[in-house]
Amino acid sequence: MPDTPLAFWTVRPGHGELRAAVPRPPAEGEVCVRNLFSAVSRGTEALVFRGEVPESEYARMRAPFQEGDFPGPLKYGYIGVGVVEDGRGVLAESLRGRTVFCLHPHQTHYVVPASAVVALPPGVPPGRAVLAANMETAINACWDGEPAVGDRIAVVGAGVVGTLVAWLCARIPGTAVELIDIDPARAALAAALGLHHRLPAQASADCDLVFHTSGHPAGLASALALCAQDARIVELSWYGRQPVALPLGGPFHARRLTLRSSQVGHLPPARTPRWDHRRRMELALALLVDPALDALISGDTAFAELPALLRRLSESPAGALCERIHYPNSAAAAAPNAGDAPCTA
């Protein structure tokens with residue numbers, strides 16, 4: 001490509017900068033993508049930025065196309081929406097000019113295998129498609145939790161993932177879903193998505209299924225307290241090096257509760273004969289056709305300001321949801337993807 005790509009690097013815990021990458025043309029079977037938008041996955045990326053990934057998890061926590069190693073310097077991230085500008089091979093040529101999603105770190109433009117990108121479906125704007133990775137996590141959580149018709153369901157933690165889990169569960173007939181968060185301002189978010197917000201003291205007990213997504217041990221304790229007999233708690237929060245103490249001396253055993261983890265890196269075993277990661281991502285993107293989901297985007301920041309944004313989110317994340325990053329030429333891609341639009345990057 002004619003200009004030098006820039007990428008965000010965490011150079012050491014708590015400090016990031018933009019660094020030049022070596023440009024190269026795509027080889028056979030590869031595409032060149034120019035980013036329009038990326039987004040900060042607030043929980044995981046903040047832990048990475050602060051250097052709080054446990055050494056035992058260094059290999060498992062590697063992101064696709066990551067460069068460098070924990071705790072740094074490293075190039076990390078997994079949300080990118082851009083336009084395919086060039087490609088070599090039949091699949092790559094078919095993607096030329098298409099708007100695509102890619103699990104790639106924050107970078108102005110990059111070369112990846114054509115199989116690593118997924119074209120946006122008609123009706124999904126590039127700016128909303130940054131929610132795809134979080135939607136994918138929410139889908140996997142629902143598969144792990146197995147919500148059913150008529151269930152009483154609580155979701156503790158009204159961040160992006162928690163809100164998406166509640167939104168998915170509320171679409172199952174007969175379910176009664178509450179989105180629980182200590183922040184009263186989350187009521188407006190819940191209302192925008194047709195959900196019911198509750199403060200912890202207002203939450204209904206005797207739930208059939210509880211999802212925990214707050215990222216705080218106190219939230220997980222609250223989730224345990226909301227369970228009915230033989231209920232299931234699905235834990236989506238990842239704590240890094242933070243120790244977690246749980247009140248398991250109360251009704252946990254008497255109620256025969258089940259606490260299980262959910263992690264997007266692996267599909268549930270019951271799904272693997274028919275599903276793969278690509279099919280799951282295609283579903284996540286298709287679900288983003290609903291414009292109400294724009295309520296989950298709480299900020300827009302220029303790529304040049306990303307180091308300052310990561311520092312702010314790692315120190316004071318209160319109120320933030322999906323923090324979207326815009327790149328040059330992103331304004332030209334504000335309209336929904338038509339599926340065959342020419343490249344505008």
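This is a predicted model: local features need pLDDT of at least 70, side-chain atom pairs count only at pLDDT 80 or more; totals for chains, interfaces and linings use all residues.
The structure holds 20 salt bridges.

**Stop 1: Asp294 and Arg128**

Select Asp294 and Arg128. Their side chains meet in a salt bridge, 2.8 Å from N to O. Asp294 sits in the loop between H7 and S16, and Arg128 in the loop between strand S9 (117-119) and H3, so this pair ties together parts 166 residues apart in sequence. Now show the surface. Asp294 is partly exposed, at 34% relative accessible area. Arg128 is buried, at 6%.

**Stop 2: Arg198 and Glu178**

Move to Arg198. Its salt bridge partner is Glu178, with the closest N and O atoms 3.6 Å apart. The two residues link distant parts of the chain: Arg198 belongs to strand S12 (residues 196-198) and Glu178 to strand S11 (residues 176-180), 20 residues apart. Which of them is buried and which is partly exposed? Arg198 is partly exposed, with 28% relative accessibility. Glu178 is buried, with a relative accessible area of 12%.

**Stop 3: strands S16 and S17**

Select Arg324 and Asp300 next. They form a salt bridge, and the closest N and O atoms are 2.7 Å apart. Arg324 is in strand S17 (residues 322-326) and Asp300 in strand S16, so the pair ties together parts 24 residues apart in sequence. Arg324 counts as buried, at 15% relative accessibility. Asp300 counts as partly exposed, at 42%.

Stay in this region and pick Thr301. This residue is found in strand S16 (residues 297-302). Thr301 is buried because its relative accessibility is 13%, under the 20% cut-off. What does Thr301 contact, leaving aside neighbours within four places in sequence? The partners are Leu309, Glu323, Arg324, Ile325 and His326. Arg324, from the salt bridge with Asp300, is one of those contacts of Thr301.

**Stop 4: a network**

Select Asp86, Arg88, Glu93 and Arg96 together. Salt bridges link these residues in a network.

**Stop 5: H3 against H7**

Switch to a cartoon view. Colour helix H3 (residues 132-145) and helix H7 (residues 277-287). Their axes come within 8 Å and cross at roughly 110 degrees. H3 and H7 are therefore roughly perpendicular to each other. The crossing of H3 past H7 is right-handed.

Show the side chains at the contact. H3 supplies Ala132, Met135, Glu136, Ile139, Asn140 and Trp143. H7 supplies His277, Arg280, Met281, Leu283, Ala284, Leu285 and Leu287. By class, the contact of H3 with H7 has 9 nonpolar, 2 polar and 2 charged residues.

**Stop 6: H3 against H4**

H3 passes H4 in a right-handed crossing.

On H3, look for Asn134, Met135, Thr137, Ala138, Ile139, Ala141 and Cys142. On H4, look for Val160, Val161, Leu164, Val165, Trp167, Leu168 and Cys169. The contact of H3 with H4 divides into 12 nonpolar, 2 polar and no charged residues.

Note on methods. Residues are numbered from 1 along each chain as its sequence is written. Side-chain values use heavy atoms; hydrogens and water are left out. Helices (H or I, at least four residues) and strands (E, at least two) are DSSP runs, numbered from the N terminus. Buried means under 20% relative accessible area, exposed over 50%, partly exposed in between (1.4 Å probe, protein chains only). Contact means heavy atoms within 4.5 Å. Axes are lines fitted to C-alpha atoms, for helices over the stretch in contact, and angles run from 0 to 180 degrees between N-to-C directions. Angles under 35 degrees count as roughly parallel, over 145 as roughly antiparallel, 65 to 115 as roughly perpendicular and the rest as oblique. A crossing is left-handed if the near helix is turned anticlockwise from the far one by less than a right angle, and right-handed if clockwise. Ala, Val, Leu, Ile, Met, Phe, Trp, Tyr, Cys and Pro count as nonpolar, Asp, Glu, Lys and Arg as charged, and the others, Gly among them, as polar. A salt bridge is a side-chain nitrogen of Lys or Arg within 4 Å of a carboxyl oxygen of Asp or Glu.
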